[in-house]
Amino acid sequence: MPKSQSNVAAYAESDSPLKTDNRIAYSAYKDCRDLRFIDNDFYIVSVKNYSSKAAVEKIKAKENCYDKQATATYQFKIGGPNKFYNTYKGGHFGVYE
């Protein structure tokens, strides 16, 4: 966890400011017979603020082994399937878990 982080808020499911859900449908068949469903429920349990320097890093990546030159791109240092980000003015990020 980066040092320049501040915990802004923590929530329980009952008082979370954002609750959402989704339903994913899938089938092993092209005609979509025998549909199966996955239902997901989400809510925010915490909000943390990070400076852009603490949250993002510049990396050089190659598309494949044959590329001679790497392309510079940015990625989040603090990643995970349970996080999403909001950019604030001044280059800061809010991380919602």
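**Figure 1. Overview of the chain.** The accessible surface of the chain is about 7800 Å², and carbon and sulfur atoms account for 51% of this surface (Shrake-Rupley method with a 1.4 Å probe; for residues, only the protein chains shown count as cover). The model is predicted, with local features needing pLDDT of at least 70 and side-chain atom pairs counting only at pLDDT 80 or more, while totals for chains, interfaces and linings use all residues. Residues are numbered from 1 along each chain as its sequence is written, and side-chain values use heavy atoms, without hydrogens and water. Of the 97 residues in the chain, 18% are buried (under 20% relative accessible area; exposed is over 50% and partly exposed lies in between, with a 1.4 Å probe and protein chains only). Among contacts (heavy atoms within 4.5 Å) between residues at least 6 apart in sequence, 47% join residues at least 24 apart.

Figure 2. A salt bridge joins the side chains of Arg 23 and Asp 39, at 2.8 Å from N to O (side-chain nitrogen of Lys or Arg within 4 Å of a carboxyl oxygen of Asp or Glu). This pair links distant parts of the chain, with Arg 23 in strand β2 (residues 19–26) and Asp 39 in strand β3 (residues 36–43), 16 residues apart. Both Arg 23 and Asp 39 are exposed. The charged end of Arg 23 also sits over the ring of Phe 37, 4.3 Å from the ring centre (NZ of Lys or CZ of Arg within 6 Å of the ring centre and within 35 degrees of the ring normal).

**Figure 3. Arg 33 with Asp 31 and Tyr 29.** The side chain of Arg 33 forms a salt bridge with that of Asp 31, at 3.5 Å from N to O. Arg 33 also lies over the face of Tyr 29, 3.8 Å from the ring centre. Arg 33 counts as partly exposed because its relative accessibility is 43%, and Asp 31 counts as exposed because its value is 52%. The whole structure holds two salt bridges.

**Figure 4. A nonpolar surface patch.** Ile 24, Tyr 26 and Ile 38 form this patch, with about 270 Å² of accessible area together (residues with over 30% relative accessible area and no salt bridge; like charges are joined within 9 Å, and nonpolar side chains, Val, Leu, Ile, Met, Phe, Trp and Tyr, within 5 Å). Ile 38 is in strand β3. With 39% relative accessibility, Ile 38 counts as partly exposed.

Terms used. Helices (H or I, at least four residues) and strands (E, at least two) are DSSP runs, numbered from the N terminus.
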